Amino acid sequence: MANDGFVEAAGGIVVNNGLVAAVHRPHRSDWSLPKGHLEHGETHEDAALREVAEEAGLTCAISGPAGITRYVDRKGRDKRVIYFEMTVLRGEFTVNDEADELRWLDRHELDLLTYPADRELVRAWFGQRGE
């Protein structure tokens, strides 16, 4: 869905025991925070929760806003991703159509993330917690 010239997407900084979830997406050959496009009529919050469930297999609760990234995607479109901090309620990662691996990262492992915007967002999140 586009809005003000942006492709709209949403995602999560999924937190468990002070670690942040990163997923490997083989179709893009990247390590990323769970995120994806909004479906028609979907809120950013609903899209973020759905994408985390689809990619990471986790049911989460939103704790609050976590930030916004903007970049040009692989198709040359301006993309805006609104992220939410999430806590895990239940679930377990299993290989699926979108992701083949999940890792829990501490603040010293963020270089695993492929995209600078993801790394900066999570570094800022850790920084707000004094970690």
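1. Buried means under 20% relative accessible area, exposed over 50%, and partly exposed in between, with a 1.4 Å probe and protein chains only. R25 is buried by this cut-off, because its relative accessible area is 5%. D30 is buried too, because its value is 1%.

2. This is a predicted model: local features need pLDDT of at least 70, side-chain atom pairs count only at pLDDT 80 or more, and totals for chains, interfaces and linings use all residues. Residues are numbered from 1 along each chain as its sequence is written, and side-chain values use heavy atoms, with hydrogens and water left out.

3. Salt bridges. Side chains of opposite charge can pair when their charged atoms come close. The term here requires a side-chain nitrogen of Lys or Arg within 4 Å of a carboxyl oxygen of Asp or Glu. The structure holds 10 of them. One joins R25 to D30, with the closest N and O atoms 2.6 Å apart.

4. The network around R50. Salt bridges link E39, E42, R50, E51 and E54 into a network. R50 pairs with E42, where the closest N and O atoms are 2.8 Å apart. R50 also meets E51 in a salt bridge, at 2.9 Å from N to O. Both R50 and E42 are buried, and E51 is buried as well.

5. K35. Helices (H or I, at least four residues) and strands (E, at least two) are DSSP runs, numbered from the N terminus. K35 lies in strand β5, residues 35-37. K35 counts as buried, because its relative accessibility is 4%. Its side chain makes a polar contact with the side chain of S32, at 2.4 Å. A polar contact is a pair of N or O atoms within 3.5 Å; within protein, one must be able to donate a hydrogen and the other to accept it, and residues adjacent in sequence count only if both atoms are side-chain atoms.

6. Surroundings of K35. Contact means heavy atoms within 4.5 Å. Not counting residues up to four places away in sequence, K35 touches A10, G11, R25, E51, E55, Y71, V81, Y83, Y115 and D118. Note that R25 and E51 in this list also form salt bridges, R25 with D30 and E51 with R50.

7. V20. This residue sits in strand β3, residues 19-25. V20 counts as buried, because its relative accessibility is 1%. Leaving aside neighbours within four places in sequence, its contacts include I13, V14, L33, V122, W125 and F126. The C-alpha atoms of V20 and R107 are 8.5 Å apart, though 87 residues separate them along the chain.

8. Helix α2. D118, R119, L121, V122, W125 and F126 are buried in α2. Seen down the axis, the buried residues fall within an arc of 165 degrees, so they line one face of the helix. The arc is taken from the directions from the helix axis to the C-beta atoms. E120 and Q128 are exposed on the other side of α2. Just after α2, G130 takes a positive phi of about 70 degrees.

9. Aromatic pair. Rings of Phe, Tyr and Trp (its six-membered ring) pair if their centres lie within 6.5 Å; planes under 30 degrees apart count as stacked, over 60 as edge-to-face and the rest as tilted. The count comes to 1 aromatic pair. W125 and F126 form it, edge-to-face, at 4.9 Å centre to centre with 70 degrees between the planes. Both are buried.
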